[in-house]
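Please work through the exercises below with the sequence and the model open side by side. Each task is followed by a solution that goes step by step.

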Amino acid sequence: MKNVRWFFKETIPVIIGILIALFINNWNENRKDKKYLNQIFSSIESELKESNIDIKRVIPKQLASVDTINAYLNNEKVTLYEIMMKSDGIHKPIIKTNSWNAIANSKIELIEYEKLSALSDIQERKENLNQRIERQMEYGFQNFEKSDKNKKIIFQMMILDIIGAEKELQTRIEELIKK
């Protein structure tokens with residue numbers, strides 16, 4: 001009986017000490033995670049705002065490219081290359097997702113599903129937009145010497161498609177910023 005009392009007398013304080021240490025460690029880890037998330041979300045918000053501003057900057061340039069194509073649509077002497085030069089080239093917004101990529105590769109489990117889904121959607125739309133712009137560039141460079149109306153219309157449709165994708169991406173970015 002004395003041994004049992006002695007055992008509990010000696011082990012209970014040790015167990016309580018371990019439990020207190022675990023509680024403090026968990027509390028400290030949670031505090032660090034919250035601080036990290038606040039920093040990441042602040043950085044993500046800044047990147048999204050910058051991306052939104054860049055989309056707003058690029059869309060009018062792309063619309064001007066569409067207008068330039070319209071102006072020279074029936075002119076068989078003006079090539080696609082000349083139209084691109086008159087439009088100051090092909091325009092692409094810079095969509096920043098560095099902070100999202102950082103957390104996606106490290107502590108993604110800390111993000112609630114709704115934000116995770118919205119950020120993943122933005123990343124996917126960014127990649128889709130980049131693919132569309134690459135196709136536009138390839139088409140432009142493959143046909144830069146062409147001056148026929150059909151080639152110009154296709155190029156114009158590509159630009160309009162890109163603008164639609166940018167506006168949809170912009171809407172998603174603005175929705176996430178509001179949250």
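This is a predicted model: local features need pLDDT of at least 70, side-chain atom pairs count only at pLDDT 80 or more; totals for chains, interfaces and linings use all residues.

**Exercise 1.** State which helix has the lowest and which the highest confidence in the chain.

Solution. Begin with the chain as a whole, where the mean pLDDT is 92 and 99% of the residues reach 70 or more. Then turn to the helices: confidence is lowest in helix α3 (residues 98-104), at a mean of 87, and highest in helix α5 (residues 149-178), at 96.

**Exercise 2.** Classify each of the two aromatic pairs and locate its partners.

Solution. Take Y81 and F144 to start with: the ring centres are 6.0 Å apart and the planes stand at 70 degrees, which is over 60, so this pair is edge-to-face. Because Y81 belongs to helix α2 (residues 80-86) and F144 to the loop between α4 (113-142) and α5, the pair ties together parts that are 63 residues apart in sequence. Y81, at 40% relative accessibility, is partly exposed, and F144 is partly exposed at 33%.

Continue with Y139 and F155, whose ring centres are 6.4 Å apart and whose planes lie at 20 degrees, which is under 30, so this pair is stacked. Here Y139 in helix α4 is linked to F155 in helix α5, 16 residues apart, and both Y139 and F155 are buried.

**Exercise 3.** Identify the ring over which the charged end of R31 sits, and do likewise for K107.

Solution. For R31, the ring is that of W27, with the charged end 5.7 Å from the ring centre. For K107, the ring is that of Y36, and the charged end lies 5.2 Å from the centre.

Definitions and conventions:
Residues are numbered from 1 along each chain as its sequence is written. Side-chain values use heavy atoms; hydrogens and water are left out. pLDDT is the predictor's confidence in each residue, from 0 to 100. Helices (H or I, at least four residues) and strands (E, at least two) are DSSP runs, numbered from the N terminus. Rings of Phe, Tyr and Trp (its six-membered ring) pair if their centres lie within 6.5 Å; planes under 30 degrees apart count as stacked, over 60 as edge-to-face and the rest as tilted. Buried means under 20% relative accessible area, exposed over 50%, partly exposed in between (1.4 Å probe, protein chains only). A charge sits over a ring if NZ of Lys or CZ of Arg is within 6 Å of the ring centre and within 35 degrees of the ring normal.
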